[in-house]
Amino acid sequence: DQRHAEIIMRELGLTKGSNGCVTPAERDTRICPEDAGELLDRGTAKMYRGMTARGIYLSQDRSDIGYAVKELSRRMQEPREMDWDKLKRLGRYLVGRERMRVDFEYQEKGGRIDVWTDSDYAGCRETRKSTSGGVIRIGSHTIKAWSRMQAVVALSSGEAEYYALVK
């Protein structure tokens, strides 16, 4: 439902004529939590939570914003200024991309099932946890895509890849 993308853009003060960006998220480069800035005030934090919840709803059908929304969701309890900046980046990505259409063209029965997984070893600098991601396709149709924080701290890149594969 593109209305949720439009509401996120409107609440961030963005219009269809605003400058957009080509990716919904950037890699987190901060070293420690203090680098994330001050905690947001109550009103702004409430807006952050509401717009992140709309992003969660959108990401069920939009694999392009899955990682960005996962990162925003991690900070819902105590959002900081840097998290607000990440939310604005997602909003700028949605400019001109309020809708996403997925076409399922006819294909012959018995298509091949392909599964791709990957992980980033210790991608979160704060918790040292890795993120697993993957895509499941049947023939040319993408059936599922995900981006999730791993539950345990992997001790090697091989272990992180193994957890991604098992998931």
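The following is a conversation about one predicted model and the terms used to describe its chain.

Biologist: How do you know how many helices and strands the chain has?
Modeller: Helices are DSSP runs of H or I with at least four residues, and strands are runs of E with at least two, numbered from the N terminus. The chain has five helices and three strands, in the order α-α-α-α-β-β-β-α from the N terminus.

Biologist: Why is T52 called buried?
Modeller: Buried means under 20% relative accessible area (1.4 Å probe, protein chains only). T52 has a relative accessible area of 1%, so T52 is buried. Buried residues make up 35% of the 167 residues in the chain.

Biologist: Where does T52 lie, and what is T52 in contact with, leaving aside its neighbours within four places in sequence?
Modeller: T52 lies in helix α2. Contact means heavy atoms within 4.5 Å. With those neighbours left aside, T52 is in contact with V69, L72, S73, M76 and L87.

Biologist: What makes a space a pocket or a cavity?
Modeller: On a 1 Å grid over the protein atoms alone, a cavity is a set of points where a 1.4 Å probe fits but cannot get out. A pocket is an open set with protein on both sides within 12 Å along at least five of seven lines. Lining residues have an atom within 4 Å of a point. Grid points are joined across faces, edges and corners, and a volume is the space filled by probe spheres set on the points.

Biologist: What is in the largest pocket, and what lines it?
Modeller: About 610 Å³ of space lies in the largest pocket. Of the 27 residues that line the largest pocket, S59, Q60, R62, S63 and A145 are the closest to its centre. The largest share of that lining, eight residues, comes from β3.

Biologist: How many cavities of 30 Å³ or more are counted?
Modeller: The count comes to one cavity, and about 80 Å³ of space lies in the largest cavity. Its lining includes R27, D28, Y67 and M149, and α3 gives the most to that lining, with three residues.

Conventions
Residues numbered from 1 in each chain as written. Predicted model: local features only at pLDDT ≥ 70, side-chain atom pairs only at ≥ 80, totals over all residues. Heavy atoms only, no water. Buried < 20%, exposed > 50% of the residue type's maximum accessible area, 1.4 Å probe, protein only.
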